[in-house]
Structures are given as C-alpha cells and as structure tokens.
Amino acid sequence: MAKKSMIEREKKRQLLVDKYAAKRVALKEIANDEERPMEERFKARLKLAKLPRNSSATRLHNRCQVSGRPKAYYRKLKMSRIALRDLASLGQIPGMVKSSW
C-alpha cells in the first residue's frame with residue numbers, strides 16, 4: 001500500500017489539472033500562433049508560466065486504484081500487476097484464471 005500522502009498529492013494534482021485545463025489550452029494556442037504579434041505571444045507565455053506547476057498534465061503519474069502503487073500499472077485496468085494478481089486469485093475478475101504449470 002502506498003503512503004496516503006502520495007495518493008492525496010496525486011488527487012490534488014488531478015484537481016488542478018482539471019481546473020486549469022481550458023486556460024492552459026487557450027494560452028498555448030495564443031503562444032504558438034505565428035500570426036499574432038510577438039508581444040502578445042510573449043504575454044501568453046508569461047501567463048502560462050504563472051499558472052501552478054502541478055496544473056500541468058505531464059506532472060500526473062498513474063497510480064493503482066486499489067493499492068496506490070505507482071509502478072507496474074496497467075492502463076486498461078487502472079491497477080498494478082500485484083493488485084491484479086490478488087484479485088484474480090480470489091476470483092473477483094471475471095474470465096481471469098491464475099496460470100500454473
């Protein structure tokens with residue numbers, strides 16, 4: 001099980017990303033538009049830099065929904081390999097059987 005503080009930090013980051021997503025997209029469009037004057041583009045870049053760092057989507061890290069583990073994460077299932085194996089062994093995932101030979 002991951003530390004509660006790390007799980008909560010990731011939730012906080014997700015909230016910030018959702019909150020500032022539209023603003024970031026608008027500022028990036030202005031900053032990357034070659035048609036606009038250089039001063040306007042520069043102002044957009046400054047405004048973008050003033051936004052909170054954790055509002056950037058690249059700072060998010062996938063974590064297991066069951067245990068909070070950050071590594072060995074399956075995107076399709078939104079859980080780590082360890083949690084997946086535990087649930088499969090208990091028979092809680094339909095159609096999944098533990099392999100043995």
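## A pocket, a strand residue and a helix

The largest pocket holds about 330 Å³ of space. Here a pocket is an open set of points on a 1 Å grid over the protein atoms alone, with protein on both sides within 12 Å along at least five of seven lines, and lining residues have an atom within 4 Å of a point. The model is predicted, with local features needing pLDDT of at least 70 and side-chain atom pairs counting only at pLDDT 80 or more, while totals for chains, interfaces and linings use all residues. Residues are numbered from 1 along each chain as its sequence is written, and side-chain values use heavy atoms, without hydrogens or water.

Helix α1 (residues 4-32) gives the largest share, five residues. The lining divides as follows:

| Class in the lining | Residues |
|---|---|
| Nonpolar | six residues |
| Polar | six residues |

Next comes S80, found in strand β2 (residues 79-80). S80 counts as buried because its relative accessibility is 1%, where buried means under 20% and exposed over 50% (1.4 Å probe, protein chains only). Beyond its neighbours within four places in sequence, S80 is in contact (heavy atoms within 4.5 Å) with residues including C64, R69 and Y73.

Finally, helix α2 (residues 38-50). Its buried residues are R41, A44 and L48. Seen down the axis of α2, they fall within an arc of 60° (taken from the directions from the helix axis to the C-beta atoms), so they line one face of the helix. These buried residues pack against α1, whereas M38, E39, F42, K43, K47, A49 and K50 are exposed on the other side.

How values were computed
On a 1 Å grid over the protein atoms alone, a cavity is a set of points where a 1.4 Å probe fits but cannot get out, and a pocket is an open set with protein on both sides within 12 Å along at least five of seven lines; lining residues have an atom within 4 Å of a point. Grid points are joined across faces, edges and corners, and a volume is the space filled by probe spheres set on the points. Helices (H or I, at least four residues) and strands (E, at least two) are DSSP runs, numbered from the N terminus. Ala, Val, Leu, Ile, Met, Phe, Trp, Tyr, Cys and Pro count as nonpolar, Asp, Glu, Lys and Arg as charged, and the others, Gly among them, as polar.
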